[in-house]
Amino acid sequence: MFDTLVIATDGSESVQRAVDVALDFAERFDADVHALFVVDEGQIESSPENVREQLRAGLEDDGENAVAEVATRAESSVTTAVREGRPAAAISDYAREVDADVVATGTRGRHGENRYLIGGVAESVVRRCPVPVLTVRQLENGADGGTDAPAA
């Protein structure tokens, strides 16, 4: 039913539960796993011109570390990718490119609680992604428990 799963990660602590849930999901369905980090071109474009290349390089390094972390936590091999673009669009494009059956993401990322219920990127992915999206919220105080309902 699920052959290919994409885990969208930003490397933040709040996405770690989403990674755990997604890896468990992939293992149960014996799915191929792709870990994806998107360097936000909007963040780069809004920075002062004289630091853009340095910022891009730093974000690419963060991305490599984030997807490598997913790969080390998996029991099987993980295809990793770091892309640049608008995060929601790049995640959706990548899902199409690898013919994903589901995308997993956390509901809050690096920008924390700047959105009321669901993070801006997660909300945009749910709205535009061509495949089902499994959103996983970080529980308060590190409690363990269920996930948000998958959205189509």
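Figure 1. Thr105 stands opposite Thr135 in β5. The model shown here and in the following views is predicted. A further facing pair in this view is Ala104, which stands opposite Leu134 in β5. β4 and β5 run parallel and are joined by four bridges. Strand β5 spans residues 133-136 and is covered on both faces. On one side of β5, Val133 and Thr135 are buried.

Figure 2. β4 is mostly covered, with five of its five residues buried. Which residues of β4 lie on each side? Val102, Ala104 and Gly106 are on one side, Val103 and Thr105 are on the other, and all are buried. Strand β1 (residues 4-8) runs parallel to β4, and three bridges join the two. Within this pairing, Val6 stands opposite Val103 in β4. Thr105, on the side of β4 that also holds Val103, stands opposite Thr135 in β5.

**Figure 3. Close-up of the salt bridge between Arg73 and Asp20.** Ten salt bridges are found in a search of the whole structure. In one of them, the side chains of Arg73 and Asp20 meet at 2.1 Å, N to O. Arg73 lies in helix α3 (residues 52-73) and Asp20 in helix α1, so the pair ties together parts that are 53 residues apart in sequence. Both partners are partly exposed: Arg73 has a relative accessible area of 27%, and Asp20 has one of 42%. Side chains of opposite charge can pair when their charged atoms come close.

**Figure 4. Close-up of the salt bridge between Arg86 and Glu41.** The side chains of Arg86 and Glu41 meet in a salt bridge of 3.4 Å, N to O. This pair links distant parts of the chain, 45 residues apart. Arg86 is in the loop between β3 (78-85) and α4, whereas Glu41 is in helix α2 (residues 41-45). Arg86 counts as partly exposed because its relative accessibility is 42%, which lies between the cut-offs of 20% and 50%. Glu41 also counts as partly exposed, at 24% relative accessibility.

Figure 5. The side chains of Glu84 and Arg56 meet in a salt bridge, and the N to O distance is 2.9 Å. Glu84 lies in strand β3 and Arg56 in helix α3, so parts that are 28 residues apart in sequence are tied together by this pair. Glu84 counts as partly exposed, at 36% relative accessibility. Elsewhere, salt bridges that share partners join Asp20, Glu69 and Arg73 into one network.

**Figure 6. Close-up of a patch of negative charge on the surface.** Which residues gather in this patch? They are Asp3, Glu27, Asp30, Asp32, Glu75 and Asp99. Asp30 sits in the loop between α1 (16-29) and β2 (32-40). Asp99 sits in the loop between α4 (87-97) and β4 (102-106). Is Asp30 buried or exposed? Asp30 counts as exposed because its relative accessibility of 67% is over the 50% cut-off. Asp99 counts as exposed too, at 60% relative accessibility.

Figure 7. Asp30 is not a glycine, yet it has a positive phi of about 50°. Asp99 is not a glycine either, and its phi is positive at about 55°. Each is in a loop: Asp30 between α1 and β2, and Asp99 between α4 and β4. Both residues also belong to the patch of negative charge.

Figure 8. Asp24 is found in helix α1. Asp24 is partly exposed, with a relative accessible area of 35%. How far apart in space are Asp24 and Glu75? The C-alpha to C-alpha distance is 9.5 Å, while the two residues are 51 residues apart in sequence. Glu75 is among the residues of the negative patch.

Note on methods. Residues are numbered from 1 along each chain as its sequence is written. This is a predicted model: local features need pLDDT of at least 70, side-chain atom pairs count only at pLDDT 80 or more; totals for chains, interfaces and linings use all residues. Side-chain values use heavy atoms; hydrogens and water are left out. Buried means under 20% relative accessible area, exposed over 50%, partly exposed in between (1.4 Å probe, protein chains only). Patches are made of residues with over 30% relative accessible area and no salt bridge: like charges are joined within 9 Å, nonpolar side chains (Val, Leu, Ile, Met, Phe, Trp, Tyr) within 5 Å. Accessible areas come from the Shrake-Rupley method with a 1.4 Å probe; for residues, only the protein chains shown count as cover. A salt bridge is a side-chain nitrogen of Lys or Arg within 4 Å of a carboxyl oxygen of Asp or Glu. Lys and Arg count as positive and Asp and Glu as negative; His and the chain ends are not counted. The place of a charge is taken as NZ of Lys, CZ of Arg, CG of Asp or CD of Glu. Two strands pair if DSSP finds at least two bridges between them.
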